[in-house]
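Me: I am new to this structure. Please show me how to read a few of its features.

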Amino acid sequence: VTMFKFSKRVPADGTDAVGAILKAAADPKIISFAGGLPAPELFPVEGMKKATDKVYAEHGQQALQYGAAKGVTELRELILKRVKEKENVDAKLENVMVTTGSEQAIDLVGKAFVNPGDTVLVEEPTYLCALDVFRSYGANFVSVPMDEDGMKMDALEEALKAHPETALVYTVPNFQNPTGRTMPAERRKKFAELAAKYDVPVLEDNPYGDIRFAGEHVPSVKSFDHAGKVFYMSTFSKILAPGFRLGWLVADPKVIEKLTVLKQSADLHTDNLVQYVVTEFFKENDVDAHVKEISDLYGKRKQLMIDGIKKYFPKDVKYTDPEGGMFLWVEVPGVTDTVELFKQCLEHNVAFVPGDPFFAGKPQPGTFRLNYSNMQEDQIEVGLKRLGEALSQALEA
């Protein structure tokens with residue numbers, strides 16, 4: 001057997017927990033609430049086709065040539081306009097860069113700010129792929145507890161006091177992955193104040209913010225940031241197409257400069273063609289109407305899921321009821337091994353993502369994430385019925 005000496009960045013155990021879950025969930029017999037995929041039936045295929053043809057006709061040579069690492073200027077201007085209208089963020093062109101999906105924004109910020117052994121503060125639980133990224137740069141995590149309104153600010157301040165060496169705070173304030181929770185405006189204001197007071201950068205990740213089907217829009221943490229400490233990132237993956245891998249970051253120009261240098265050594269620049277195509281698509285289409293269509297569908301699916309939980313789950317099971325996004329979070333008291341629970345549910349032909357990989361520290365047993373965006377309505381009730389039966393059996397055992 002050939003042996004290789006991999007770097008410390010490669011996970012030591014070699015297991016791809018997420019991959020294993022998705023593989024198990026891909027069986028056609030299984031109703032899977034495991035993925036985090038948007039509803040493909042709402043991808044604007046025809047509109048994108050038209051926009052692409054137009055780009056080839058009008059900007060063919062530029063679109064196919066090498067481009068700037070920061071991104072196509074017209075797209076960056078469009079992003080500026082959107083963050084001003086949607087998030088109340090005043091920024092200039094020098095504050096914006098385009099990334100290859102929002103995943104790259106997380107990666108570049110991790111690379112730029114986290115040295116091996118540095119402390120990164122995260123929500124408990126948080127987005128598992130962000131944990132993987134920061135872990136690959138040698139981060140030590142400190143988890144900040146949440147309640148129904150997201151990360152608790154008194155707990156954040158305690159963590160900042162206890163860890164003056166903190167290199168970065170990572171947060172998903174809207175329809176958080178995995179819990180679906182949303183942080184209220186008061187907390188966001190306090191968050192920005194704490195970032196300034198303790199002189200620590202905050203990465204505000206907002207991939208789902210546009211997909212709101214209930215409640216009132218809450219301005220971004222970045223909109224309360226007067227010290228330039230908050231880096232705001234988002235993506236076109238949830239409102240247009242994840243396959244385009246198109247994200248962006250809005251931050252202090254000094255930060256953007258450094259990240260641009262790091263981006264150049266990663267991939268030179270994000271796909272030029274899709275940048276032109278998305279810019280064109282916005283000119284020709286009512287994107288807000290398209291987003292409303294997505295939000296309405298996800299809202300309907302979420303409600304079916306909540307109805308199914310109420311109908312079929314054991315009574316003491318706790319769950320979140322999000323106002324937007326793609327996920328809700330379930331806590332089953334009395335379960336000690338979530339992975340074992342996952343296997344039992346697979347036997348009932350239903351799947352979820354176990355909670356364990358979302359925790360930076362000790363996982364809370366009996367937790368799991370359910371996705372409602374990527375499931376046909378008639379399957380949601382069937383799946384929850386199966387899940388309810390599996391949970392009842394597991395609790396009786």
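Reply: Start with a term. A polar contact is a pair of N or O atoms within 3.5 Å; within protein, one must be able to donate a hydrogen and the other to accept it, and residues adjacent in sequence count only if both atoms are side-chain atoms. Helices (H or I, at least four residues) and strands (E, at least two) are DSSP runs, numbered from the N terminus. This is a predicted model: local features need pLDDT of at least 70, side-chain atom pairs count only at pLDDT 80 or more, and totals for chains, interfaces and linings use all residues. Residues are numbered from 1 along each chain as its sequence is written, and side-chain values use heavy atoms, leaving out hydrogens and water.

Me: Which backbone nitrogen does a side-chain oxygen of Asp337 reach at the start of helix 11?

Reply: That of Val339, to within 3.1 Å. After helix 11 comes Asn349, with a positive phi near 60°.

Me: Which residues of helix 11 are buried?

Reply: Buried means under 20% relative accessible area, exposed over 50%, partly exposed in between (1.4 Å probe, protein chains only). An α-helix has 3.6 residues a turn, so residues three or four places apart point the same way. In helix 11 (residues 338-347), the buried ones are Thr338, Leu341, Phe342, Cys345 and Leu346. Down the helix 11 axis they fall within an arc of 145° (directions from the axis to the C-beta atoms), so they line one face of the helix.

Me: What does Phe368 touch?

Reply: Contact means heavy atoms within 4.5 Å. Not counting residues up to four places away in sequence, the residues touched by Phe368 include Leu341, Trp329 and Phe352.
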